[in-house]
Amino acid sequence: MKGSVDTHLGPVWVEVADGAVVASGWGVAEGGDDPLLIAALDEVTAYFNGRLERFTVPLHPHVSGLTGRVLDALSAIPFGETRTYGDLSKDLGAPAQAIGQACGANPVPILIPCHRALGATSLGGFSAPGGIEAKVWLLRHEGAAGLLI
């Protein structure tokens, strides 16, 4: 079941199945009355309104292998902090390019904070509408804007 909320970056949808958030993305989706969906959408709204720093709804994006390990590592990056693809590469024993590709394949953006992963000399990419400008907004929202100056 999917639903969406309006955010500072446009509408964000969330999909739940089998007791967990399995996907999210950019755009509008019809809502439903599933309590987990309502809770997840409330958390997305609270995050964008500055009232939530860590999502508590269960996440199960149905990925494995390196991508799963990267998503776990991204989930461990605290609000307001960042890591480079190189940092994650060292931690996970995988090439930085593969880390970047796994970030780009994140099926649960925002809730799994791929925006907190940066290139060594740049912000890296971001798949949201607005691209890098959306990533900049999220980093500023989290107080990581010192990196952008």
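This is a predicted model: local features need pLDDT of at least 70, side-chain atom pairs count only at pLDDT 80 or more; totals for chains, interfaces and linings use all residues.
Side chains of opposite charge can pair when their charged atoms come close. A search through the whole structure finds two salt bridges, and Arg116 takes part in one of them, with Glu142 as its partner and 2.8 Å between the closest N and O atoms. This pair links distant parts of the chain, since Glu142 belongs to the segment after α5 (132-141) while Arg116 sits in the loop between α4 (96-104) and β5 (117-118), 26 residues apart. Glu142 also counts as buried, because its relative accessibility is 5%.

The other salt bridge joins the side chains of Arg83 and Glu81, with a distance of 3.4 Å from N to O. Are these two residues buried, exposed or something in between? Arg83 is partly exposed, with a relative accessible area of 28%, and Glu81 is likewise partly exposed, at 35%.

| Residue | Relative accessible area | Class |
|---|---|---|
| Glu142 | 5% | buried |
| Arg83 | 28% | partly exposed |
| Glu81 | 35% | partly exposed |

Strand β3 (residues 20-26) is largely enclosed by the rest of the structure, because seven of its seven residues are buried. Strand β2 (residues 10-17) pairs with β3 in the antiparallel sense, over six bridges, and within this pairing Glu15 has Ala23 of β3 as its bridge partner. The two strands form a hairpin with two residues between them, and in that hairpin Asp18 takes a positive phi near 50°.

Most residues other than glycine have a negative phi, and most peptide bonds are trans. Asp18, although it is not a glycine, has a positive phi of about 50°, and its place is in the loop between β2 and β3. Asp18 is classed as exposed, because its relative accessible area is 79% and the class begins over 50%. His62 is another residue with a positive phi, of about 55°, although it is not a glycine. His62 lies in the loop between α1 (35-48) and α2 (65-75), and its relative accessible area of 55% makes it exposed.

Which residues does Val5 touch, once those up to four places away in sequence are left out? They are Gly10, Pro11, Val12, Leu41, Val44 and Thr45. Val5 itself lies in strand β1 (residues 2-7) and is buried, with a relative accessible area of 15%. The C-alpha atoms of Val5 and Gly27 are separated by 8.9 Å, although these residues are 22 places apart along the chain.

Rolling a probe the size of a water molecule over the atoms shows where empty space is left. The largest pocket holds about 170 Å³ of space. Its lining consists of 13 residues, of which Arg54, Phe55, Ser75, Leu111 and Pro113 are the closest to the centre of the pocket.

Conventions:
Residues are numbered from 1 along each chain as its sequence is written. Side-chain values use heavy atoms; hydrogens and water are left out. On a 1 Å grid over the protein atoms alone, a cavity is a set of points where a 1.4 Å probe fits but cannot get out, and a pocket is an open set with protein on both sides within 12 Å along at least five of seven lines; lining residues have an atom within 4 Å of a point. Grid points are joined across faces, edges and corners, and a volume is the space filled by probe spheres set on the points. Helices (H or I, at least four residues) and strands (E, at least two) are DSSP runs, numbered from the N terminus. Buried means under 20% relative accessible area, exposed over 50%, partly exposed in between (1.4 Å probe, protein chains only). Contact means heavy atoms within 4.5 Å. A salt bridge is a side-chain nitrogen of Lys or Arg within 4 Å of a carboxyl oxygen of Asp or Glu. Two strands pair if DSSP finds at least two bridges between them.
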